[in-house]
Amino acid sequence: MQVLVVEDDESVAAGVCDGLTRAGFDARWVATGADAVAAVSESGPEFVLLDLGLPDMDGTDVCRTIRARSPIPIIVLSARGEEIDRVLALELGADDYVVKPFGMREPIARIRAVGRRVGAPGETAHEHTGIRTIGGLTLDRRTRRVHLKEREIHLTPKEFDLLSYLSEDPGAVYRRSDILHQVWGANWYGTTKTVDAHVAALRKKLGDPCWIEAVRGVGFRLGDRP
């Protein structure tokens, strides 16, 4: 999958492109909004990672312009972390939003997640069937069934959604706020204790608390048990 990185800071762009390349993506970098719009119109990348602080035009305008011309998936990577910035970008057509600073596991996981939702090129046949295998754990997103070493684990709808989200990138740490946004939705106004309660229920059903590891002060990650 070719990913267009739109970032005016060369050092940040280099790090992002390097991370994408190591993850198996074909990364291309442009530094301005005008170049981004032109690249989408001319060469047709399959994904856009878009910074909002560009030298020639605001990234939200770039997002709006690209979305008017193409259904290409767009993930915003920005230091603007206020709710109004995230909401505006999403309303203008962005598919997801990552706040800087970030580790590369997060945007890569989000690229794959958005790609699965919109059917972006680059999915493997295994991903297309909706089946994921992590250690002895198998999730079938099409049938919404979970098996652990041949034994079916019966989960509630939200428990399945939570486990499925964590399984998008095993080992990656997901923040509680992101879990709430992705699993419970942007309109959920409950506390992060909801996440902890569902994690506790999942650990009990999976029979080993190490399946879902807590990262103090951050969130949770899915382990890889035999």
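The legends below describe views of a predicted model of one chain.

**Figure 1. Overall fold of the predicted chain.** Nine helices and 12 strands make up the secondary structure of the chain. Along its principal axes, the C-alpha trace spans about 55 × 35 × 30 Å.

**Figure 2. Burial and surface of the chain.** Of the 226 residues, 44% count as buried. The accessible surface of the chain comes to about 11300 Å². Carbon and sulfur atoms account for 51% of that surface. Among contacts in the chain between residues at least 6 apart in sequence, 54% join residues at least 24 apart.

**Figure 3. Crossing of helices H8 and H9.** Two packed helices are described by the angle between their axes and the distance between the axes. Helix H8 covers residues 176-184, and helix H9 covers residues 193-206. Their axes come within 9 Å and cross at roughly 80°. H8 is therefore roughly perpendicular to H9, because angles of 65 to 115 degrees count as such.

**Figure 4. Residues at the contact of H8 with H9.** From H8, the residues in contact are Arg176, Ile179, Leu180 and Trp184. On the H9 side, they meet Thr194, Val195, Asp196 and His198. By class, this contact of H8 with H9 has four nonpolar, two polar and two charged residues.

Key. Residues are numbered from 1 along each chain as its sequence is written. This is a predicted model: local features need pLDDT of at least 70, side-chain atom pairs count only at pLDDT 80 or more; totals for chains, interfaces and linings use all residues. Side-chain values use heavy atoms; hydrogens and water are left out. Axes are lines fitted to C-alpha atoms, for helices over the stretch in contact, and angles run from 0 to 180 degrees between N-to-C directions. Helices (H or I, at least four residues) and strands (E, at least two) are DSSP runs, numbered from the N terminus. Angles under 35 degrees count as roughly parallel, over 145 as roughly antiparallel, 65 to 115 as roughly perpendicular and the rest as oblique. Contact means heavy atoms within 4.5 Å. Ala, Val, Leu, Ile, Met, Phe, Trp, Tyr, Cys and Pro count as nonpolar, Asp, Glu, Lys and Arg as charged, and the others, Gly among them, as polar. Buried means under 20% relative accessible area, exposed over 50%, partly exposed in between (1.4 Å probe, protein chains only). Accessible areas come from the Shrake-Rupley method with a 1.4 Å probe; for residues, only the protein chains shown count as cover.
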